[in-house]
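Trainee: Could you walk me through one chain here, and then show me where its partner touches it?

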Amino acid sequence: MNKIWIIAVRELRTFFDSLTAYVLIIAFLGLSGFFTWLFGSDIFLIGQATLQPFFSVAYWTLFFFTPALTMRMLAEENKTGTIELLLTKAVTDWQVILGKFLACLMLISIALALTLPYYLSVWSLGPIDHGSVWCGYLGLILMSTAYISIGLFTSSITNNQIVAFLLSLFIGAFFLIIFNVLSSNFTGPVGEIFSYLSLSSHFDSISRGVIDSKDVIFFLSVSTFGLILAELSLSKRNIID
Amino acid sequence: MSIVVENLIKQYGPQKAVDDISFSVNTGEIVGFLGPNGAGKTTTMKIITCFMAPTSGNVLVNGQSVLADKEKIKKKIGYLPENNPLYYDMPVMEYLEFAGALQGISRDKLQDKIADMIHTCGLNEEKHKNIGELSKGYRQRVGLAQALIHDPEILILDEPTSGLDPNQITEIRKLIKQIGKEKTVILSTHILPEVEATCDRILIINNGKIVADGTPDTLRKQSQGNEVLKVQISDAGNRDEIISALQTLDALRMVDPVTGSVDTFILESIPGSNSRRAVFNLCVQKKWALTEMTPVETKLEDIFRELTTD
């Protein structure tokens with residue numbers, strides 16, 4: 001645990017040193033603030049004390065921003081060769097993967113925490129359903145863990161950050177849109193499988209305030225699967241062939 | 001802390017980068033890995049440092065196998081990879097702190113260790129800069145500092161002096177020698193004087209196989225065979241007279257005047273014999289002044305070239 005924390009703190013520091021963190025936070029707050037308060041189906045248009053508009057914007061912004069965070073995580077280390085330096089220290093491959101995962105998750109959590117003033121403002125405007133707000137945040141964090149794991153995996157298989165970014169957007173798009181579309185085209189068990197794989201249905205029910213273990217398990221299994229793949233691709237140098 | 005390499009093979013596709021290498025390194029030895037580019041030096045080092053698994057064979061570090069006890073082994077090894085990869089966007093101090101913490105140095109000792117490394121590696125003036133802003137020589141020192149920070153018993157350095165200026169090279173070599181008194185060091189290089197200056201033992205690798213193993217002296221003796229002398233004889237009449245006189249000596253196989261000089265000769269003895277005394281006696285007898293007599297040693301370069309060209 002200690003080693004994971006050391007790696008996570010270093011990565012987080014690098015985010016802030018390289019301005020990535022600031023750019024991400026500003027862009028995230030700007031975009032989500034704009035669509036939550038000023039434009040489209042914003043809070044004033046809906047006329048309800050709810051953070052639903054924010055959650056549906058964040059649902060999209062995180063889809064684009066998370067791959068941007070994860071793309072350099074392993075791809076850059078592969079490219080510059082620092083991965084060799086890192087993995088010959090007294091750490092396991094898992095500690096490296098989890099440390100990087102934790103760093104991304106912490107940064108996204110910081111960005112989400114900075115939107116808490118939205119919550120307080122809406123609260124002051126009218127009676128808000130506290131439960132559904134916290135569930136919405138939980139949904140966003142669970143969704144981020146899935147994207148981060150996918151991003152770490154794509155970052156681990158290449159030494160080109162752009163490739164890593166695009167690949168993880170591509171895989172993310174399957175969960176975000178494509179499985180959803182497919183599920184409406186198929187009937188029976190196949191349609192149900194696609195519907196289960198679609199991220200939107202799981203996110204929708206959580207952000208409405210319904211925490212079903214089925215949804216939580218879905219996000220956690222996507223994350224775990226992504227992390228396992230990332231670990232496998234990192235350790236394939238060890239395969240005795 | 002000993003390293004035993006047993007029948008190591010590493011295959012990349014159809015090509016064998018390391019082909020059945022076995023050797024062992026004892027505590028306190030400084031071993032130089034020598035070989036042309038692509039000979040398998042770096043691959044061997046990557047396997048010893050647990051970065052890569054071998055295709056077959058094993059490496060035992062202090063009796064522990066790289067296939068099983070990776071974590072324990074990694075803790076004991078300090079490694080400077082080829083091309084010295086570093087996080088260029090990190091400040092020197094922060095990076096050393098990171099490296100030290102990962103190697104399990106406790107928090108209260110970490111600052112002392114860092115200060116110690118900064119001092120040993122001469123990084124004091126640069127310690128607050130980002131690594132990316134440093135010159136190549138200083139980056140190399142940071143690389144050494146991160147390898148040494150946890151006081152490892154084994155030090156593995158892949159081309160530690162590449163790209164440094166002569167002063168820096170001398171300093172790094174001195175540092176390695178000093179460190180090597182207590183630690184087991186394996187360093188790879190293709191700079192030959194470097195091995196002679198720093199190493200107790202040389203392993204020459206070519207095409208994934210070990211082609212020579214021994215101290216610089218034994219390697220030289222092996223490849224040399226006959227004694228070769230360079231002599232300068234003054235106050236003697238003409239050159240032909242000297243040559244014919246020298247040719248009468250039984251111990252000499254060949255007398256070869258050095259072109260461009262009147263009184264210098266290269267003398268090769270017959271195998272297994274020593275001609276120095278005879279040459280000296282001849283000069284005394286003829287009242288010639290023997291102004292120079294130097295044994296000509298085979299250079300390490302020659303051995304290297306002989307062993308690594310097909």
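Mentor: Read along the sequence, chain A goes α-α-α-α-α-α-α-α-α-α-α-α, and that comes to 12 helices and 0 strands. Here helices (H or I, at least four residues) and strands (E, at least two) are DSSP runs, numbered from the N terminus. The radius of gyration of chain A, taken over C-alpha atoms, is 19 Å, close to the 18 Å that the globule rule (2.2 Å times the number of residues to the power 0.38) gives for 241 residues, so chain A is as compact as a globular protein of that length.

Keep in mind that this is a predicted model: local features need pLDDT of at least 70 and side-chain atom pairs count only at pLDDT 80 or more, while totals for chains, interfaces and linings use all residues. Residues are numbered from 1 along each chain as its sequence is written, and chains are lettered from A and ligands numbered from 1 in the order in which they are written.

Back to chain A: its C-alpha trace spans about 60 × 50 × 30 Å along the principal axes. Among its contacts (C-beta atoms, placed from the backbone, within 7 Å) between residues at least 6 apart in sequence, 76% join residues at least 24 apart.

Now for the partner. On chain B, 22 residues are in contact with 21 residues of chain A. Helix H2 (70-76) and helix H3 (92-102) of chain B are the elements that give two or more residues to that side, and H3(B) brings the largest share, 4 residues.

Definitions and conventions:
Contact = placed C-beta atoms within 7 Å.
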